[in-house]
Amino acid sequence: MEQLFTGSPVTYSILGDRVILQPDPAWKPDSTIRQGAAIEGRIMEDTRDYPLQGASVQLEGAGRSAVTDESGYFIFNGLQPGTYKLTASFVGFEKTSSGNILVREGEKVTAAIRMPVSKGYLQTVVVRTGRRLQPVNHSSDRMIIEEIKQSQGVVSGISSEQIAKSADNNAAEVVKRISGVTVTDESFIVVRGMNQRYNVTYLGDNIAPSTEQYSRAFALQLIPSRIIDKIMVYKSPRPDLFGDFAGGAVKVYTKDALAVKHFDVGLRLGYLPVSTFKNMNSYKGGKTDWLGFDDGSRKLPASVPGYGDFRKASLTPAEYVKSFNPGLSYGTRTALPDLQFTLNYYDVFKLGSRRLYNVTAFAFTNENRYNDDIYRQQGNTLAATEYGFQNSMTREYRSIETGQANLMQNFVLKLDGHHQLYFRNFILQDGKKSTQVRVSRPNDGEELSSLTKSNVLGFTSRLLYTGNLGGNHLFGKDKQNLDWNLGYTNTRYYMPDQRVINLGIPGGHTLEGVSMTDANWLAAVRTGGLKERQVGLISRFFLDSREKLYNASADYNFHLAEGADIKVGTYHFWKERALFRRVYVVHDAQFSFDFTNTQNLPGTADYINPALVWFREKDLDKVWSTDYFRDDATGLAIFDYTSPTDAYKATEQYNAGYISMEARPWKGKVELTGGVRLEHDRQKIAAALEIPSFNVPLLVDRPRTVWLPSINGSFRPNDSWVLRAGYGRTVNRPEFREIAPFTDFDYLNREMVVGNVQLETAMIDNFDVRFEFYPQKNKGETFSIGAFYKHLDKPIERIVFSDVLDESAFNSITFRNADEARVYGLEAEVRKSLSFIPGKFFRHLSVVANGAWIRSETWKDSLRADERGQIAYGRTFRRPLQGQSPYVLNAGLFYDNPVMGSKVSLIWNVSGVNIYAAGVHTESNYANSSTRGSILQLPRHLLDAAITQRLAKRWQARLSAQNLLNEAITFVEDNNFDNKYNPEKVVEDGSPLTKYEGDNISQRYNPGRYFLLSLLYSF
């Protein structure tokens, strides 16, 4: 110890089992200047680039040493030409070497060494510097590479070090950098081309809940990137993994408490050229919308039956008017820049002879998004000429104002070197206030046509809390290891008082030229069609969905002998969900839901006042009043459309146990791990099924027990090469929403989502093989290439079964089992430093690239009655699996100069065409059918860049840009059912009517480029 600190700016003292470090006020750096060549450099902490003052640097080849100054710098002057090597050491950090450094005559060479924290020292060393600025070490690229190298199966991952170099703001953006991974709908993970329903997400040791109303998925965009320590994607099954996945098990680890003291605050500003400082639509909402939650101004009125009470409200028009919020109109405001405020705090507390480590991270975000160029189209151009007015062209104006607050607080209590307890918490409140204006006309090519307009004023709120209490324990001279965990997750999806106002103009206007505030917009009074009866003149929706999940697990590992381990474990959870909705529709007072008076339209009889029913948009501020809603039934009336089908309750009981054995013969060069997992799962759903004139109670009870065997093997001829292969069986169970007999209306996407109680659990057989190379000269490099094959029995798919002649206002979406599917492909990854290229600049450059080539085929040999009780056109179909992309490519170029404190990244990503929702057609029968084809999502090239610069000892700045190529998100309608994109073109058939064939644009919008400036100050 004396030798280590001789000549350093730090003094030490020993107190019991601890080493106390303090600055030496008498220390001064060596000012001796020698002639000749020189090596100048800097010693930094591994992941956060904090300078290490007082680190000892040995110059091998010259027998000299130096100590870093307060900024982490050192210099060796007067060197002879030759090859040297630097080795840095510092208490609490692992000794780290630089590799060979060539010095020429009179040349000054710069070098930098990053030192990872030594886990062994963290339990015994406390650093006191008189200020609370110390390195905070989390996962580095080298740590992740080593974890992947030592894993028992095929694994990919990303570290907090690489995350810090990118422009990514949330977990959904981060995972796109992982080999074989992409994201759909900017939120949901796709692994090896398998869509979100085939992947399971963990938050720490908890299985994440489904955050979406219309899909089996967790929205990764809810997790901010700054709290992520690492993300690991397990692609091959193992006995100790949850068996419900086919693409990957994605584990998102948040940053854990460490033995350091640190506090920083950050500010981030975001500029979106398509939105920022421009006028955006908005409406008067609640006072706390900007914070991400409703202040109660939208809550379900106490005067009507509550959630889960299926009685009809029996109020007079005047009582309805008094009970509900009167706001129906929207205006404009200036969209301000996005704003985020963050703070991170690390501390250590003494509890007797033990220590409690804490990390707290808080963030508040406020964002504004406006897009006035969202385009939608149904059917080929001019399709309305052939199929009627059910095909439309739409232009949409959408504003979303987001408020989000999240807090992470993790504790670690180290009892001794063999036992520790942890308590991890994460809570998030996210609220989105949306204003959507949609203008549509028939897809008939007419310049002057009748138009319809829908204004949707909405607010959605998500609450997510997840907590873990657990421990890690070593027994029997560290030969036995016990990990246990108790978890609780609570989520709420809340949509209070979504208001939909339907308007129209009889004719004389173009889609592009009509003013959004045109005085000619009138209430879209019913004409007797189904579409008008569904949505009314005005609709008001209230939805409340709550889910709780309780889980417990234990894993016990016993070291039997040299090269042999046995592991047993158990995992249990109980999940419960309750979803309730209430629906209120405004029609003329003479309306009846049994449609007996559909011909008694407004204006055709004396008892309806046309001036009250045909109200104008400019009068919306006055409509919700007794002037329009009259007790004498001469104006508007509110109808309670709620029924028992507007709710369901569900529970899931899951119990699992496993046993696995690991053997490492041939001096550890061969590693074999095999085992079996037993899973019992029971889903129950209580709901109601709608039958004409009445509702029938329905109870779904789905118990199933499955055995899931798996085996993984690897061959390691030396420390650089790994060849691994594996097989495992997994399952894919339906989610509550997919099997509940519940019809949901997604007004933002204009979809009607219907559950299917006949869904069955899919069984999957997974085969993997991968070759990996880890160069020893640079432990941050790796190369891998692998292949995989999957066979799916009864895969579950998202299906669109809309009919071009259907009068419904929405595309119909449901879920269905195909008979079988197979997925196979290749994937590769490379991480390589460019320091082998001559020149100082290339010493700091590295590349990361990965990609996957994937093929899939699914088929159904005998189509039974479809979800509407009709025959689904009765022919065999073969096509790619729904949601599967044929390729995924990622590439990144990184510049990292720790001496200058500079980081630059340029990252590109693209994935191939995938089926967003599969049609029910086959290629052989499309010409004779009026149902719609599959919806395809087209490739989108993303290019992001980021520059991070340390401005001073305490300051750091980052400038980043996303979507630099400014590409749009595009969906197309597969009208010729070949599951490929064939751009639309004119058909020359001699007919006087112009006709089109090919695949039309179904939806297109461009989020625009996004620029962010972040500042971080450390105390």
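Strand S30 is mostly covered, five of its five residues being buried. The model is a predicted one, in which local features need pLDDT of at least 70 and side-chain atom pairs count only at pLDDT 80 or more, whereas totals for chains, interfaces and linings use all residues. Residues are numbered from 1 along each chain as its sequence is written, and side-chain values use heavy atoms, with hydrogens and water left out. Strands (E, at least two residues) and helices (H or I, at least four) are DSSP runs numbered from the N terminus.

Strand S29 (residues 564-588) runs antiparallel to S30 and is joined to S30 by five bridges, where pairing requires that DSSP find at least two bridges between the strands. Within this pairing, Asp640 of S30 is the bridge partner of Tyr584. Leaving aside neighbours within four places in sequence, Leu636 is in contact (heavy atoms within 4.5 Å) with Leu537, Val586, His587, Ala589, Leu612, Val613, Phe615, Val623, Tyr628, Phe629 and Arg630.

Aromatic residues were examined over the whole structure, and 28 aromatic pairs were found. Rings of Phe, Tyr and Trp (its six-membered ring) pair if their centres lie within 6.5 Å; planes under 30 degrees apart count as stacked, over 60 as edge-to-face and the rest as tilted. The pair of Tyr488 and Tyr550 is tilted, because the ring planes stand at 40°, with the centres 5.2 Å apart. Tyr488 belongs to strand S26 and Tyr550 to strand S28 (residues 538-561), so the pair ties together parts that are 62 residues apart in sequence. Tyr488 is partly exposed at 25% relative accessibility, and Tyr550 is partly exposed at 37%. One aromatic cluster is formed by Tyr320, Phe324, Phe542, Tyr584, Trp624 and Phe629.

Salt bridges, defined by a side-chain nitrogen of Lys or Arg within 4 Å of a carboxyl oxygen of Asp or Glu, number 45. Glu396 takes part in a salt bridge with Arg376, at an N to O distance of 2.8 Å. This pair links distant parts of the chain, as Glu396 lies in strand S23 (residues 392-414) and Arg376 in strand S22 (residues 354-377), 20 residues apart. Glu396 also forms a salt bridge with Arg438, with the closest N and O atoms 3.1 Å apart. Here the link runs between strand S23 and strand S24 (residues 419-442), which holds Arg438, and the two residues are 42 residues apart. Glu396 is buried, at a relative accessible area of 0%; Arg376 is buried at 9% and Arg438 at 4%.

A further salt bridge joins Arg664 to Glu662, the closest N and O atoms being 2.9 Å apart. Arg664 is partly exposed at 23% relative accessibility, whereas Glu662 is buried at 14%. Salt bridges that share partners join Asp244, Arg677, Glu679, Asp681 and Arg733 into one network.

Several loop residues were also characterised. Most residues other than glycine have a negative phi. Trp666, in the loop between strand S31 (647-663) and strand S32 (670-691), has a positive phi near 55° and is exposed at 57% relative accessibility. Asn966 likewise has a positive phi, of about 60°; Asn966 lies in the loop between strand S49 (955-962) and strand S50 (969-973) and is partly exposed at 28%. Gly476 occupies the loop between strand S25 (449-475) and strand S26 (480-509) and is partly exposed, with a relative accessible area of 42%. The C-alpha atoms of Gly476 and Phe558 are 9.4 Å apart in space, and the two residues are 82 residues apart in sequence.

In helix H3 (residues 141-149), the buried residues are Asp141, Ile144, Ile145, Ile148 and Lys149. They lie on the same side of H3 because they cover an arc of only 140° around the axis, the arc being that of the directions from the helix axis to the C-beta atoms.

Note on methods:
Buried means under 20% relative accessible area, exposed over 50%, partly exposed in between (1.4 Å probe, protein chains only).
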